[in-house]
Structure formats: structure tokens, C-alpha cells
Amino acid sequence: VLGDKAAVEAQSEELQRRIAQAESDLAAAGAKLADNERDLQQTSAMRSQLEAECASLQRLAADELREAEAQRLREVTALLGQCEARAHELESQRAELSQLRER
């Protein structure tokens, strides 16, 4: 009977040790989970911030591209105007030369 009682106590102590270890492991896992959730929230916040910055940069790039295109259009329009003026000037000179030849 004493041997059975000692065996039961030994089993009880072993089970209590295992329970304590399981509780400790569970607490450690809970802490790790909390750390992972915090890291995930920080990563999510950082991603949102980077996405917002990216969208802002895309808008700025699009604005700059539109301005560059508008500037280039103004330059080309000015050059076309100069070409037309020069063409008109050359046409006038040709007409004058043609009249001089007829004389």
C-alpha cells in the first residue's frame, strides 16, 4: 500500500510538473503571439504609409509629366509659328525674285 501511495504521489508530482511546464510553454507562446501581432500591426501600418507615399509620388510624377508635355507642346507650337513665318517670308522673297525676272 505504501508503494502504491508513493507511486501515486510520484505520478501526481510528474503530472503537476508537466502541467506547470505546459502552462509555462503556453504563456511563452502567448507572449510570442502578442509580439507577432504587434509586428504585424507595425508592418501593416508601414505598408499603408508606403502605399500612400507611392500614390503621392505617382501623382507628382503624373503632374510633372503633364507639365513637361504642356511645355513641349508650347515649344513645338512656337517653332511651328516660326517655321510658318519663315515660309511666308521665303514665299514673299520668291515672289519678288519672280517679278524681277519678268522685267
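Modeller: Arg-74 and Glu-67 form a salt bridge, with 3.0 Å between the closest N and O atoms; the term requires a side-chain nitrogen of Lys or Arg within 4 Å of a carboxyl oxygen of Asp or Glu. Arg-74 counts as partly exposed at 43% relative accessibility, and Glu-67 is partly exposed at 44% (buried is under 20% relative accessible area, exposed over 50%, partly exposed in between, with a 1.4 Å probe and protein chains only). This is a predicted model, in which local features need pLDDT of at least 70 and side-chain atom pairs count only at pLDDT 80 or more, while totals for chains, interfaces and linings use all residues. Residues are numbered from 1 along each chain as its sequence is written, and side-chain values use heavy atoms, leaving out hydrogens and water.

The structure holds 10 salt bridges. One of them joins Glu-51 and Arg-47 at 3.0 Å, N to O. Glu-51 is partly exposed at 43%, whereas Arg-47 is exposed at 57%. Another links Glu-91 and Arg-94 at 3.5 Å, N to O. Both residues, Glu-91 and Arg-94, lie in helix H1, 3 residues apart, about one turn of the helix (helices are DSSP runs of H or I of at least four residues, strands runs of E of at least two, numbered from the N terminus).

As for the whole chain, its secondary structure comes to 1 helix and 0 strands, and buried residues make up 0% of its 103 residues.
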